[in-house]
Amino acid sequence: MLEALDRLYEEARNALEAVADSEGLSAWYSRYLGRKGAVTQMVRRVGELPKEERPAFGRRANEVKAALEAAFQARSRAIKEAEIAREVEAGAIDVTLPGRPLPRGRLHPSTRILREIVAILTRMGFQVYRSRDVETDEYNFQLLNMPPHHPARDMWDTFYTTEPGVLLRTHTSPGQIHAMREYAPHPIRVILPGMCYRYEQITARSEIQFNQVEGLAVGRRITMTDLKGTLVEFARQLFGEDRPYRFRCSHFPFTEPSVEMDIQCILCGGEGCPVCKHTGWLEIMGAGMVHPVVLRNGGYDPNVYSGFAFGMGPERIAMLKYGINDIRYFWGNDLRFLEQF
Ligand code: DAH
């Protein structure tokens with residue numbers, strides 16, 4: 001039986017040499033040293049031996065168990081280390097590789113053009129005046145010389161709220177009244193950028209929300225010449241020195257006289273194309289001399305004061321400037337569009 005023990009010892013050591021991973025290790029352990037393992041079983045059979053052989057067998061059995069136990073510990077350590085080394089190798093980081101580029105945010109085209117417009121006009125001495133998006137019928141229409149049922153109101157399709165007389169501003173012009181009432185009778189030169197809302201069918205050319213930039217100058221002896229000089233200089237800075245422009249007669253209830261300003265079509269250079277509807281011209285804003293009724297509503301005596309005003313749509317201008325053919329891109333949140341700016 002002593003020989004059988006030694007053979008088993010030999011076999012177990014060889015088997016341990018062949019073990020390559022943690023799973024093999026635990027299988028080996030239960031096969032030889034576990035409660036039902038071969039070595040454990042053999043040690044139990046000590047009782048079958050004649051009395052005089054038992055001490056020698058017992059000693060040898062203890063040696064074998066201790067030796068296998070130690071060999072198992074050593075092998076375990078070696079396998080663990082090899083496994084860690086393999087993991088490190090597999091997940092290795094090559095520190096010489098270039099980093100992954102981080103996507104970088106950029107300004108929305110509306111913000112960009114708004115800032116450009118505001119920069120030009122503030123350099124000319126206009127101050128930014130913030131006015132509210134939720135307005136009253138009184139400010140959006142009545143004080144701008146459009147009493148209830150005035151047919152000119154049809155120019156603006158309006159979102160009304162459930163609160164009588166409260167609406168979303170259809171243009172930035174009501175801000176003129178707020179600014180005048182705050183500063184009268186002092187001279188003012190303000191621009192009012194902000195979002196406007198209209199109850200429109202959304203198409204390539206019309207949206208239910210868009211920005212406007214309103215301008216207003218009020219003082220003594222302000223004339224149409226001041227209006228033209230300001231707008232011509234503005235157009236030069238925004239569209240380039242040599243871009244031809246023209247003023248056309250128009251009508252707005254809050255200005256008299258009223259004009260619209262055109263620049264020569266950027267896309268066709270005046271030849272005529274679908275964008276300019278074959279006229280060779282693009283309308284960029286409405287403007288005029290502030291109507292006496294509006295001046296009075298703002299707190300200025302129209303016999304003493306005069307003023308000019310203008311209003312433009314930055315998205316429209318961005319469309320002309322960058323050749324964007326569909327206004328829905330502005331609020332469509334399509335990165336393929338936004339990333340071009
Ligand atoms: N409020 C006008 C619109 O939304 C634009 C406009 C025209 C503003 C003439 C003005 C102006 O201040 O004088 O169509």
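Some ground rules come before the tour. The model is predicted, so local features need pLDDT of at least 70 and side-chain atom pairs count only at pLDDT 80 or more, while totals for chains, interfaces and linings use all residues. Residues are numbered from 1 along each chain as its sequence is written, and side-chain values use heavy atoms, with hydrogens and water left out.

Helix 1 spans residues 2-18 (helices are DSSP runs of H or I with at least four residues, strands are runs of E with at least two, and both are numbered from the N terminus). Its 17 residues reach 25 Å from the first C-alpha to the last, close to the 24 Å expected at 1.5 Å a residue (the expected span is 1.5 Å times one less than the number of residues). Leu5, Leu8, Tyr9, Ala12 and Leu16 are its buried residues (buried means under 20% relative accessible area, exposed over 50%, and partly exposed in between, using a 1.4 Å probe and protein chains only). They cover an arc of only 105 degrees around the axis, which puts them on the same side of helix 1 (the arc is taken from the directions from the helix axis to the C-beta atoms). Over on the other side, Glu3, Arg7, Glu17 and Ala18 are exposed. The buried residues pack against helix 2 (22-32), helix 3 (38-44) and helix 4 (54-90) (contact means heavy atoms within 4.5 Å).

Helix 8, residues 224-239, has 16 residues and reaches 22 Å, close to the 22 Å expected. Its buried residues include Leu227, Phe234 and Phe239. Among the elements covering the buried residues of helix 8 are helix 5 (109-123), strand 7 (255-264) and strand 9. Just after helix 8, Gly240 takes a positive phi of about 105 degrees.

Strand 9 (residues 306-312) is where Ser306 is found. Ser306 counts as buried because its relative accessibility is 18%. A polar atom of the Ser306 side chain lies 2.7 Å from the backbone oxygen of Ile222 (a polar contact is a pair of N or O atoms within 3.5 Å; within protein, one must be able to donate a hydrogen and the other to accept it, and residues adjacent in sequence count only if both atoms are side-chain atoms).

As for the ligand, an N or O atom in the side chain of Ser173 is 2.9 Å from one of its nitrogen atoms.
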